[in-house]
Amino acid sequence: MSIIHEKSPKHCAEKQTTKILNKSKKKLLFYSLMFFLSILCLILLLRFILHPSNPHFSLTQVDINHLNITSPSPFLNSSIHLTLLSTNPNKRTGIYYDGFLLHASYNSHVITPDTSIPPFFQDHQQPNLLSASLLGNHHHVDPSLAAGKLPLGFTATGSLSLIAKTLAMAQGVGMFTVPQTIGSVLCCRCGILMQPNAANMCANCLRSEIDITEGLQKHVIIIFCPECNSFLQPPRTWIKAELESKELLTFCVKRLKNLNTVRMVHAEFIWTEPHSKRIKIKLKVQKEVLHGAILEQAYTVEYVVQDQLCESCARVQANPDQWVAAVQLRQHVPHRRTFFYLEQLILKHDAAKDAIRITQMDQGIDFFFGKRSHGVKFVEFVGKVAPTRSRTDKQLVSQDSKSNTYHYKYTFSVEISPICREDLICLPPKLSVSLGNLGPLVICTKVTNTIALLDPRTLRQCFLDAEQYWRSSFKALLSSRQLTEYMIIDMEEVRSEENVGGSRYVLADAHVARVSDLGKNDRHFIVRTHLGHLLSCGDYALGYDLYSANSNDFELDKYRGVIPDVILIKKSYEEKRQQRQRKSRSWKLKSLNMEVEDGTRGREHEEKMNTEYEHFLRDLEENPDLRFNLSLYRNKEYEPSMASVADGDDVPSVPLEELLADLDLADEESEEDEMVE
């Protein structure tokens, strides 16, 4: 028979309550244990991070001013002045001394009362000097001390608090301030009042006793190449640096030996005559001396500059034809406007700094370099500023079969696209269709590493990179030399102003007539132009005369019924320039040091170059976008005339804000001489 156990509801409720209480106690015990473990881990972590250590004390000086033992009853009267050095070895913890007591003792018997030192704070890794005077009156001692030696002991007791590095942060925000007393002591040499240090001497006495610059170099010889303005970094590295530049200061400091024995805190140039072949640098160094005292001292280093040609310059001086790489820039156009612009870009970016020789040719410029890598770098630069294509050839100069070495001369032939700014282009049918039926007559508005084409009748624009251009390789229908001057009779705006590719244009219909036809016939034209924002009635403009042009372009013959008679390119200021008769400008450009080929010399060629250069300067004045990437300098010889001031802004000019001051060392020296006088 089975036994049946029955439990009342009251018994079940009591058991359930007991279980809940047991669970609560376990949770409370668990949370309490976790809390104490967290506190313990935090304490261990702080101790591991701060790693506190006890301060170190050492007795540096004891002065016994008075010590007397009376007889027959032996009583001791004493007056002792002592100096303690306290050092905090902790790296992240400061020490605050709440109370500090000092007394002297003999055989464990105190012979002077406790002398207290005011509370003070000691930062991490900081030494402090503590001074105290111990006075003892009528202290009974052993009668055996009436004669002989008196062994004295000094005892320091006190309480301190460790303060972490965050204390300084708390003081900075004004939470609380730790009182710190900085005492003053007398220099042990000269006796002047000073702040205490480990050596107990003032700075002047320390410098007279110790010279931390002993053993450091004060005279150094450096090698300078006057051709390429570079300094020799032994054994074979040449570094380019200007006078009083950061690069030259770094180079000079690195040439000093044994400088790692001190800590340099400051370096600066001392002015010397440029022709003296001397460079002087003033250095400030620090070093730890005499029980941790840090001494700072300044001294001057003189560098003697000796001239010596580097390897590449020496080869050029011996034989200018000893080049390794030659870059031949060519553009098959009848003008040199592209090379004038490219020359300014090369000067601004200092792209031809490694060229050993530059020669001006009939349709381009030749650059000669001493290394192949310099030629490759220059070709890459030209490819970033103009649409080009290039090919490379090499010629064997010499070889050594035993060592398997070969010497070549490399030639880079770089062809620049013949498309220039303001050229009129008739696009090939396939290219026009691929560009969304653009044109077919378009104007080249800008040339960088891409070619910007604009349809003057619809204001549609597209860009061609070098690869796209050389794939079709079209030429200009008409160039800027074939521009004709027109007079604006009437203007009617068709559309409001639009921003196309960063430039402002207004589409308008213009009623124009050739200036050469005025007074001879009544021929005039009505054309659509993109210069509605610049032209008004009575102005003059330059454009292409397609009405009387004789062209051999077969592509143009396909569009004879739809091409306009005139395409305006830009506004003309020729008449206003003739009225002003200005011979000089307020700005100037720099030029490369180029040799001229014999075939390009002559009076006619020189006049042609001067005319084209004048047109290039006028383009810079009229087009702010064209001079945006160039460096224009102020012309010191320019004197504005009354006519130019009266004309105002009728003729475009370069504002003074865009001009740079041309640095001339000779001018600076003369100005300094005037100031001295």
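Mentor: Let us begin with the term pocket, which here is an open set of grid points with protein on both sides within 12 Å along at least five of seven lines. A volume is the space filled by probe spheres set on such points. Please keep in mind that this is a predicted model.

Trainee: How much space lies in the second largest pocket?

Mentor: The second largest pocket holds about 1,400 Å³ of space. Its lining comprises 49 residues, and those nearest its centre are Arg421, Thr445, Asn623, Asp625 and Leu626. Two or more lining residues come from each of H6, strand S23 (441-447), strand S25 (461-465), strand S28 (503-505), strand S32 (566-572) and H12.

Trainee: How does the lining of the second largest pocket divide by class?

Mentor: There are 25 nonpolar, 14 polar and ten charged residues in that lining.

Trainee: H6 contributes to the pocket lining. Which span should its 13 residues have?

Mentor: At 1.5 Å a residue, helix H6 (residues 337-349) should span 18 Å, and its end C-alpha atoms lie 19 Å apart, which agrees. Just after H6, Asp350 takes a positive phi of about 55°.

Trainee: Is H6 largely enclosed or largely open?

Mentor: In general, an α-helix has 3.6 residues a turn, so residues three or four places apart point the same way. In the present case, ten of the 13 residues of H6 are buried, so the helix is largely enclosed by the rest of the structure. Among the buried residues are Arg337, Phe339, Phe340, Glu343 and Leu345. Their cover includes strand S17 (325-330), strand S19 (364-369), helix H7 (372-385), strand S21 (405-416) and helix H12 (603-622).

Trainee: May we turn to single residues? Is Arg514 buried or exposed?

Mentor: The cut-off needed here is that buried means under 20% relative accessible area. Arg514 has a value of 10%, so this residue is buried. Arg514 belongs to strand S29 (residues 508-514). Apart from neighbours within four places in sequence, Arg514 is in contact with Thr484, Glu485, Tyr486, Arg523, Asp545 and Ser548.

Trainee: What does Ala513 touch?

Mentor: Ala513 is also found in strand S29, and it is buried, with a relative accessible area of 5%. Not counting residues up to four places away in sequence, Ala513 touches Tyr486, Met487, Ile489, Leu518, Arg523 and His524. Ala513 and His524 are eleven residues apart along the chain, and their C-alpha atoms are separated by 4.5 Å.

Trainee: Finally, how many helices and strands does the protein have?

Mentor: The secondary structure comes to 14 helices and 36 strands. Of the 677 residues, 37% count as buried. Among contacts between residues at least 6 apart in sequence, 66% join residues at least 24 apart. The protein exposes about 41,800 Å², of which carbon and sulfur atoms supply 52%.

Key. Residues numbered from 1 in each chain as written. Predicted model: local features only at pLDDT ≥ 70, side-chain atom pairs only at ≥ 80, totals over all residues. Heavy atoms only, no water. Helix = DSSP H or I, 4+ residues; strand = E, 2+ residues; numbered from the N terminus. Expected span 1.5 Å × (residues − 1). Buried < 20%, exposed > 50% of the residue type's maximum accessible area, 1.4 Å probe, protein only. Contact = heavy atoms within 4.5 Å. 1 Å grid on protein atoms, 1.4 Å probe; cavity = no way out; pocket = protein on both sides within 12 Å on 5 of 7 lines; lining within 4 Å. Nonpolar A, V, L, I, M, F, W, Y, C, P; charged D, E, K, R; others polar. Areas by Shrake-Rupley, 256 points an atom, 1.4 Å probe, with all protein chains shown as cover.
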